[in-house]
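Please read it with the structure open. The points follow one another by region.

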Amino acid sequence: MIKIAGMNRQVIIIGGGAAGFFAAVNLKRMAPSCEVTLLEKGNKLLSKVRVSGGGRCNVTHACFEDSVLVRNYPRGAKALRGAFSRFSTTDTVRWFEERGVPLKTEEDGRMFPRSDQSASIIDCLLAEADLLGVRIKMGADVKKISKQEDAYLIQLAGEGSLVADNLVIATGGFPKSESYAWLRELGHIIVPPVPSLFTFNVPGREITKLMGLSVPTALVRIEGSPLFSSGSLLITHWGFSGPAILKLSAWAARDLYERNYIFNIRISWLGELKEEEVRLRFADARANWNIRLVSGHPLFALPRRLWEHLVSEAGISSGTKWADLSKQQMNKLTANLLNDMYAVKGKTTFKEEFVTCGGIDLSEVDFRTMESRRCKGIYFAGEVLDIDGVTGGFNFQSAWTTGWIAAQAIAAAEERG
C-alpha cells in the first residue's frame, strides 16, 4: 500500500485496552481531521477494564499529589513524575465525570464508578469512540511493522496490511519475551517480562483452613531481602493474598522470579506493634484474666479462628488458662504473632488481572510526548512499557496518562502540519 499525498493524517492505535482507547478517543477529539483506527487482536475490547475490581473497574486511586502517586510504581516512577504533571489523577476524575461517569472513593483510596459497574467505563469509552468516529478493527493481529519512506506499513496476520503516519502501540504487557519480537525488529530494547501482582502459595500449611479470614494491618517481609509490605492480608485456600501480599509481589517481582517463587516470608499479624507492647498485653491478661482460657479470648482484635490457630501452633492446649501459661509458651506465641514464618512454593495470578513488569525500555521513550527515541512517529502507552504499579488503580492511571500524552503529542504534530 502507498500513502496518497494530501490524505488526512492516518493514525493507527494497536491495542484495544484502556491505554489504546484513551489515546484513540482523546486524539480524535483534539485533532478531528486525523483518521484514527484502533486495532484489537482479540474479539473483546477493554477486557481488563471489564474484570478489574471484581467487575467494578478500579479506575484510579485517590492520590492527588504526583510526588506521592509515583511511590506506587515499582518500575517507572521517575519517568511518570513528569507525565503525571501533564495528566494526573485529578484529570482522570474530571474526564470521566464530564462524560457522565462520576467516580467514588472507598476507604482504602481506590476509586470506582459510582454505579459499581465496569460497564459504565466501557460504555463511556465506546460511546466516545462512536461519537468521534474512531474506526475499530477486531481480530487484527499485527505481525510486523516496517518503515516506508515517511510512513509505516503494518502487516497483519494473513495478507492484510495498513499504512499509517503515526502509530500508538498500546498492546499491554506480554508474558513471554518472544511476543515482543516485532518491536525488537524496529530496534527497541525489551526488558524481559516477568509476572507482577500475584499471590503466594503455602502448600501443606494448616493456616489455609482459615481461608476467607483477613487481617487489616499485617506486615510481611521476605527473608533474605530488605523488602516488606504492610496492609490488609487475606488467607486463601492456597496461601496468602490481599494488598500486603500483592504490593510485595510487585516490588519483589524480579527477585522472586529469580528464586523460582520458592522463598520464605515472615508475617507480623499485628503490623508495626513491638514485642514490648505484646508482652505488656500478656502481663495484663495474666493479671486480670488468670482463670480464663488463652484460646478463648483473642487479643489485639484478631479474628477468633486466627487467634486459636496461633495459640495452638504455640503448643498451648485449648484448656490452658492465662495463669498457667509457661514462659516458653508465651515466647512462642509472641513469635507467632510478630514473626510467623511460612515457606512459599509457587504463586497464583491475582484473579484475572494479569500484570507484568518488563517491556519497552523507558530510556527509549520521550515521556514528554511518549514518542519512541528510535522510531520517529511511533508512540507507546500503557503496560507495553516497562511500567507497572501496585494494586489499587495505579496501573489504570498510568494507562490513562500515557495514552492522553501520546494523543496530545500527535494532535500537536497535526496542528503544526
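**Notes on the predicted model**

1. Start with alanine 301. This residue counts as exposed because its relative accessibility is 78%. The model is a predicted one, so please keep that in mind throughout. Alanine 301 sits in the loop between α10 (275-288) and α11 (304-313). Its phi is near 60 degrees, a positive value in a residue other than glycine. Most residues other than glycine have a negative phi.

2. Methionine 370 also deserves a look. Its phi is positive, about 70 degrees, although it is not a glycine. The residue lies in the loop between β20 (365-366) and β21 (371-372). Is methionine 370 buried or exposed? Methionine 370 is buried, because its relative accessible area is 0%; the cut-off for buried is under 20%.

3. The largest nonpolar core has 89 residues. Phe96, Ile121, Ile145, Leu183, Leu385 and Trp400 have the most contacts inside it. Which helix gives the most to this core? Helix α13 (residues 394-416) does, with eleven residues. There is also a second, separate core of 45 residues. Among its members are Ile222, Phe240, Ala244 and Trp269.

4. Leaving aside residues up to four places away in sequence, leucine 183 touches Ile169, His188, Ile190, Ile360, Phe380 and Val384. One of these contacts, His188, is the subject of the next point.

5. Histidine 188 is placed in the loop between α7 (181-184) and β11 (190-196). It counts as buried because its relative accessibility is 4%. What does its side chain make a polar contact with? The partner is the side chain of serine 372, at 2.7 Å. Beyond residues up to four places away in sequence, histidine 188 touches Leu183, Ile360, Glu364, Ser372, Arg374, Cys375 and Phe380.

6. Alanine 253 is in helix α9 (residues 253-258). At 0% relative accessibility, this alanine counts as buried. Its contacts, not counting residues up to four places away in sequence, are Arg75, Val194, Pro195, Ser196 and Cys357. Proline 74 is 179 residues from alanine 253 along the chain, yet their C-alpha atoms are separated by 9.0 Å.

7. Now a sheet. Three strands form an open sheet in the order β3-β5-β4, with antiparallel pairing. Its edge strands are β3 (60-61) and β4 (103-105), each pairing on one side only. Two bridges join β3 to strand β5 (residues 110-113) in the antiparallel sense. Histidine 61 stands opposite arginine 110 in β5.

8. Arginine 110 returns in a charged network. Salt bridges link Arg56, Lys104, Glu106, Asp108, Arg110 and Asp116. The structure holds 22 salt bridges. Two further groups are worth checking by eye.

9. Which residues does it bridge to? One is glutamate 98, with the closest N and O atoms 3.7 Å apart. Glutamate 98 is exposed, with a relative accessible area of 56%. The other is glutamate 128, at 3.1 Å from N to O. That pair links distant parts of the chain, 29 residues apart. Glutamate 128 is in helix α6 (residues 118-132), and arginine 99 is in the loop between α5 (89-98) and β4. Glutamate 128 is buried, with a relative accessible area of 6%.

10. The second group is a pair. Glutamate 223 forms a salt bridge with arginine 266, and the closest N and O atoms are 2.7 Å apart. Why does this pair tie together parts that are 43 residues apart in sequence? Because glutamate 223 lies in the loop between β13 (214-222) and β14 (228-235), while arginine 266 lies in strand β16 (residues 262-268). Glutamate 223 is partly exposed, at 28% relative accessible area. Arginine 266 is partly exposed too, at 26%.

Definitions and conventions. Residues are numbered from 1 along each chain as its sequence is written. This is a predicted model: local features need pLDDT of at least 70, side-chain atom pairs count only at pLDDT 80 or more; totals for chains, interfaces and linings use all residues. Side-chain values use heavy atoms; hydrogens and water are left out. Helices (H or I, at least four residues) and strands (E, at least two) are DSSP runs, numbered from the N terminus. Buried means under 20% relative accessible area, exposed over 50%, partly exposed in between (1.4 Å probe, protein chains only). Contact means heavy atoms within 4.5 Å. Two strands pair if DSSP finds at least two bridges between them. A nonpolar core is a set of buried Ala, Val, Leu, Ile, Met, Phe, Trp, Tyr and Cys residues joined through side-chain atoms within 4.5 Å. A polar contact is a pair of N or O atoms within 3.5 Å; within protein, one must be able to donate a hydrogen and the other to accept it, and residues adjacent in sequence count only if both atoms are side-chain atoms. A salt bridge is a side-chain nitrogen of Lys or Arg within 4 Å of a carboxyl oxygen of Asp or Glu.
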